[in-house]
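Let's walk through this model together, one feature at a time. Please keep the viewer open as you read.

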Amino acid sequence: MSAALDSLLDLLDLERIEQDIFRGTSRSAVVPRVFGGQVAAQALVAAGRTVPEDRGAHSLHAYFLRPGDPGAPIVYSVDRIRDGRSFTTRRVVAVQHGKPIFHLSASFQVHEEGMDHQAVMPRSPDPETLPTAAEMLPRYADRFADPRMVDRLLEARAAVDLRYVDAPPFATAGEPREPRSQVWFRTHGKLADDPLLHVCMATYVSDMTLLDSVLLAHGRGGWSIGDVVGASLDHAMWFHRPFRADEWLLYDQESPSASGGRGLGQARIWTADGKLAITVIQEGLVRVPRD
């Protein structure tokens, strides 16, 4: 296991300060606020620790309310909304400086058999044939106004092996493209056999690239280039089938719409053997900076 992954696992191992109250810390991000995937994953950890072990997370719906302060702890308060025979529902509010910054509702279900069908996995190259972040990012160092950006991006993604199928938005800024993108990802090292941990790790990664397809449609390079400003507004995920976040997962993303200063990203996450594991939808604030 890499040191970066070990550090991320420590980040997700929240401190319990009361029965249903947890406290977490933050790590550095590319933008000067708490990374949205981090707070979403931590909130899901908090919810999951109040649920019986025989119930796995099957969906989450969340709103990002305020920018998080990476220098301050985050307190997660869990409400036990419902404990049914098949389903358990939890609501989590993340608080900093006395104000809510994030709200999550999550549902958990006892495993059961039922009807089963899925869409066909899209074509994608073998992830082992794609360049790693360490190989790819330095090629575009001249695209960034901040000479430290390559190192900052590598640090932010050090726990995860994330490989772009096509050039990322910052590589083709100024050239509008089809609003679709694919990345393969897995953690840099093996994880424990805890289904909640794998779900939370996928939640963490899901916020890294989901709005890329919005940027591609308009030839924008993104936050690291500085030709847009924005933030995640809401986030929803449905967990369909078991998966491991330490094995290759294909994140197939597209944007069906952007308007009113907001862009919508939707995606499916597939296992390498073609099983549809997760569906993700997110809307983000995407604005062109004013001169």
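A salt bridge here is a side-chain nitrogen of Lys or Arg within 4 Å of a carboxyl oxygen of Asp or Glu. By this rule the structure has 16 salt bridges. Before you look at them, note that this is a predicted model, in which local features need pLDDT of at least 70 and side-chain atom pairs count only at pLDDT 80 or more, while totals for chains, interfaces and linings use all residues. Residues are numbered from 1 along each chain as its sequence is written, and side-chain values use heavy atoms, with hydrogens and water left out.

Start with arginine 90, whose side chain meets that of aspartate 83 in a salt bridge of 2.9 Å, N to O. Are the two partners buried or exposed? Buried means under 20% relative accessible area, exposed over 50%, and partly exposed in between (1.4 Å probe, protein chains only). Arginine 90 is buried because its relative accessibility is 0%, whereas aspartate 83, with 49%, is partly exposed.

Aspartate 246 and arginine 244 also form a salt bridge, at 2.9 Å from N to O. Aspartate 246 is buried at 5% relative accessibility, and arginine 244 is partly exposed at 24%.

Next, find arginine 262 and glutamate 283, joined by a salt bridge of 3.0 Å, N to O. Arginine 262 belongs to strand 11 (residues 262-271) and glutamate 283 to strand 12 (residues 276-287), so the pair ties together parts that are 21 residues apart in sequence. Helices (H or I, at least four residues) and strands (E, at least two) are DSSP runs, numbered from the N terminus. Elsewhere, a network of salt bridges links Asp146, Arg148 and Arg152.

Now move to threonine 209, in the loop between helix 5 (195-206) and helix 6. Threonine 209 has a relative accessible area of 1%, so this residue counts as buried. Leaving aside residues up to four places away in sequence, threonine 209 touches Arg157, Leu162, Tyr164, Val183, Tyr251 and Gln253, where contact means heavy atoms within 4.5 Å. With glutamine 253, the side chain of threonine 209 also makes a polar contact of 2.8 Å; that term covers a pair of N or O atoms within 3.5 Å, where, within protein, one must be able to donate a hydrogen and the other to accept it, and residues adjacent in sequence count only if both atoms are side-chain atoms.
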